[in-house]
Amino acid sequence: MSENTHRRLIEPNARLFAILSTVAVSIGGLVEILPMYSSAVGPEHMEEVKPYSPLELAGRDLYLREGCYNCHSQMIRPSQAETLRYGPWTRAGEYQWDHPFQLGSRRIGPDLQRVGGKYPDAWHFDHMKDPRAMTPGSIMPAYTWLYDSKVSTSDIVDTVNGMITLGVPYDANPEAWVPAQVGAQQKKIVDSLALVKRTAAPDDEIIALIAYLQRLGVDGKAAITARAAK
């Protein structure tokens, strides 16, 4: 049977064409999906990568709320140009406690996968208030409301409870331990800012965002470096 004969039989018949298309797509989908469930090999798990602290989770929520992922990625590709600029390329295990992970949609600003520890707390404090003062020519907007708006410890407790339901290994009863842990980390950041004459209240949103940014990529980079040294 010639190709033209096949086309004359199938293409004018909308119902037959739809059935055959569905069968073809279903077979292709099964070939792609079933091995994921039957294989014993899954995404890399990195024991060294720990869950975010409660305050870092609050900062992550702010990162999402402000749409930072629209301009910043959190994924370093395995190419020389990327690794020379940003550091070790990203491993899947670095996202194991991210729900959802923040790959980002494009890079108007730099990748943030390894920004944790790259700058002091005061740099982030000043940068979010006036980006061009820290990076001349930046088109990033100022986020001045982060210095007046407050985070709620009860909201952070709710977030931790939500993460627990998703399988993140936090201790049970976050109501009992989250407030003290949040307060301790807030104080640490506020004290570091005070050393360079920056003033902030512990529950200012900017403090939570700094906590999150300073955590990005820290565990993953340490794990990758340690494994490479073996």
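**Entry 1: the cavity.** I began with what the word means: on a 1 Å grid over the protein atoms alone, a cavity is a set of points where a 1.4 Å probe fits but cannot get out. The model I am looking at is predicted. With that rule in hand, I found one cavity of 30 Å³ or more. I noted a volume of about 180 Å³ for the largest cavity. Of the 15 residues that line the largest cavity, I wrote down those closest to its centre: Val49, Tyr52, Glu94, Asp98 and Gly217. What does the lining look like by class? I sorted the lining residues and got six nonpolar, four polar and five charged.

**Entry 2: salt bridges.** A reminder to myself: side chains of opposite charge can pair when their charged atoms come close. My search of the whole structure turned up 14 salt bridges. I picked some of them to look at one by one.

**Entry 3: Glu48 and Arg227.** In this salt bridge, the closest N and O atoms of glutamate 48 and arginine 227 are 3.1 Å apart. Why does the pair tie together parts that are 179 residues apart in sequence? I traced both ends: glutamate 48 sits in the loop between helix H2 (14-38) and helix H3 (54-65), while arginine 227 belongs to helix H10 (residues 218-229), so the bridge joins those two parts. I then checked accessibility. Glutamate 48 is partly exposed at 33% relative accessibility, and arginine 227 is partly exposed at 34%.

**Entry 4: Glu205 and Arg65.** Next I looked at the salt bridge between glutamate 205 and arginine 65, where the closest N and O atoms are 2.9 Å apart. This pair also links distant parts of the chain, with glutamate 205 in helix H9 (residues 205-213) and arginine 65 in helix H3, 140 residues apart. Buried or partly exposed: which is glutamate 205? I put glutamate 205 down as buried, because its relative accessible area is 5% and buried means under 20%. Arginine 65 has a relative accessible area of 45%, so I marked arginine 65 as partly exposed.

Entry 5: Aspartate 191 and lysine 187 form a salt bridge with their closest N and O atoms 2.7 Å apart. Both lie in helix H8 (residues 174-194), and their spacing of four residues is about one turn of the helix. Aspartate 191 is partly exposed, at 35% relative accessibility.

**Entry 6: a network.** Last, I followed salt bridges that share partners, and they join Arg77, Glu82, Arg107 and Asp111 into one network.

How values were computed. Residues are numbered from 1 along each chain as its sequence is written. This is a predicted model: local features need pLDDT of at least 70, side-chain atom pairs count only at pLDDT 80 or more; totals for chains, interfaces and linings use all residues. Side-chain values use heavy atoms; hydrogens and water are left out. A salt bridge is a side-chain nitrogen of Lys or Arg within 4 Å of a carboxyl oxygen of Asp or Glu. Buried means under 20% relative accessible area, exposed over 50%, partly exposed in between (1.4 Å probe, protein chains only). On a 1 Å grid over the protein atoms alone, a cavity is a set of points where a 1.4 Å probe fits but cannot get out, and a pocket is an open set with protein on both sides within 12 Å along at least five of seven lines; lining residues have an atom within 4 Å of a point. Grid points are joined across faces, edges and corners, and a volume is the space filled by probe spheres set on the points. Ala, Val, Leu, Ile, Met, Phe, Trp, Tyr, Cys and Pro count as nonpolar, Asp, Glu, Lys and Arg as charged, and the others, Gly among them, as polar.
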